[in-house]
Amino acid sequence: MVELLPSILSADFARLGDEVRAAERGGGTVIHVDVMDGHFVPNLTLGPPVVASLRKATDLPLDCHMMIENPDEFVEPFAEAGANWMSVHYEACRHLHRSLELIAQHGMRPGVVINPATEVDVLIPVLGMVHHVLVMSVNPGFGGQSFIPYSLNKLRRLRELRQELGLSYRIEVDGGVAHDTIAMVVEAGAELLVAGNAVFGAGHPERDARSLLEAAQQAEARV
Ligand code: DX5
Ligand code: ZN
């Protein structure tokens, strides 16, 4: 079943609680939290204190997308702050299998992320241990970028591999998901749909979350 994951990167950080609750009223079911360190990606965002505040503002699961070097060092602080899902980049982890185990040991749902230039098949050895696989459909670091069409091949490949290998991971997509692209990503196999600018950019998160989710559900009904 498709779910909408509002990405707070494009929200008004001074009013984060209100923004998250509005997106939730519009049908968002998981809150996507972008963690950036200024090294792995050329931008900085937030750390465990903000996650702890978000934890008080909503009961929805918090999906932490770690765009940082050495994510192992932050597994425990984010778990303690109340993160529920944590995804780490294939490109940032020297020992990816160990990092995923560490996340699970801390009671969070482990996920793995790939950048636009990384192929899905490199993930085959770890697909059995993840709750979700996140396909970046833009280069990570900023909201509001254009969707990279090759990502659709990756979503299809993940759906095919899940079937072939008899696994149950969920397929997530992040970057450039908006009214003009959401049907395509759903048709290609994405179920967890991250959207930042398309939810928060116009200042009407409840309305825009609702219409995005409706478009996704209509696409799902056609598949
Ligand atoms: C980008 C982040 C995304 C970002 C997506 O590095 O990982 O979660 O918020 O933004 P949009 O939906 O605006 O492309
Ligand atoms: Zn993200």
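The following questions and answers concern a predicted model.

Q: Which residues coordinate the zinc ion (ligand 2)?
A: The donors follow a spacing along the chain of H-x1-D-x30-H-x108-D. The coordinating residues lie at 2.0 to 2.3 Å from the zinc ion (ligand 2), and they are H32 (NE2), D34 (OD), H65 (ND1) and D174 (OD).

Q: What arrangement do the six donor atoms form around the zinc ion (ligand 2)?
A: Ideal angles for six octahedral donors are 90 or 180 degrees. Around the zinc ion (ligand 2), the six donor atoms subtend angles of 71 to 168°. Six donors count as octahedral if opposite ones are over 155 degrees apart and all others between 65 and 115. The arrangement is therefore octahedral.

Q: How many residues apart are D34 and D174, two residues that coordinate the zinc ion (ligand 2)?
A: D34 belongs to strand β2 (residues 31-36), while D174 belongs to strand β7 (residues 170-174). The pair thus links distant parts of the chain, and the separation is 140 residues.

Q: Is D34 buried or exposed?
A: Buried means a relative accessible area under 20%. The relative accessibility of D34 is 5%, and D174 has a value of 8%, which also counts as buried. By this criterion, D34 is buried.

Q: How many disulfides does the structure hold?
A: A disulfide requires two cysteine sulfur atoms within 2.5 Å. The cysteine sulfur closest to that of C64 belongs to C93, and at 15 Å it is too far for a bond. For C93, the closest cysteine sulfur is in turn that of C64. The number of disulfides is zero.

Q: What is the relative accessible area of C64?
A: C93 counts as buried at 12% relative accessibility. C64 is buried too, and its relative accessible area is 0%.

Q: How far apart in space are I68 and H89, C-alpha to C-alpha?
A: I68 lies in the loop between β3 and α3. With a relative accessible area of 5%, I68 is buried. I68 and H89 are 21 residues apart in sequence, and their C-alpha separation is 8.3 Å.

Q: What distance separates the C-alpha atoms of L193 and V122?
A: L193 is found in strand β8 (residues 192-195). Its relative accessible area is 0%, so L193 is buried. L193 and V122 are 71 residues apart along the chain, and the distance between their C-alpha atoms is 22 Å.

Q: Is R222 buried or exposed?
A: R222 lies in helix α8 (residues 205-222). R222 is 170 residues from A52 in sequence, and their C-alpha atoms are 39 Å apart. A residue counts as exposed when its relative accessible area is over 50%. R222 has a relative accessibility of 57% and is therefore exposed.

Conventions: Residues are numbered from 1 along each chain as its sequence is written. Chains are lettered from A and ligands numbered from 1 in the order in which they are written. This is a predicted model: local features need pLDDT of at least 70, side-chain atom pairs count only at pLDDT 80 or more; totals for chains, interfaces and linings use all residues. Side-chain values use heavy atoms; hydrogens and water are left out. Donors are N, O and S atoms within 2.8 Å of the metal (3.2 Å for Na, K and Ca); water is not among the atoms, so sites may look incomplete. Four donors count as tetrahedral if all angles lie between 85 and 135 degrees; four count as square planar and six as octahedral if opposite donors are over 155 degrees apart and all others between 65 and 115; anything else is irregular. Helices (H or I, at least four residues) and strands (E, at least two) are DSSP runs, numbered from the N terminus. Buried means under 20% relative accessible area, exposed over 50%, partly exposed in between (1.4 Å probe, protein chains only).
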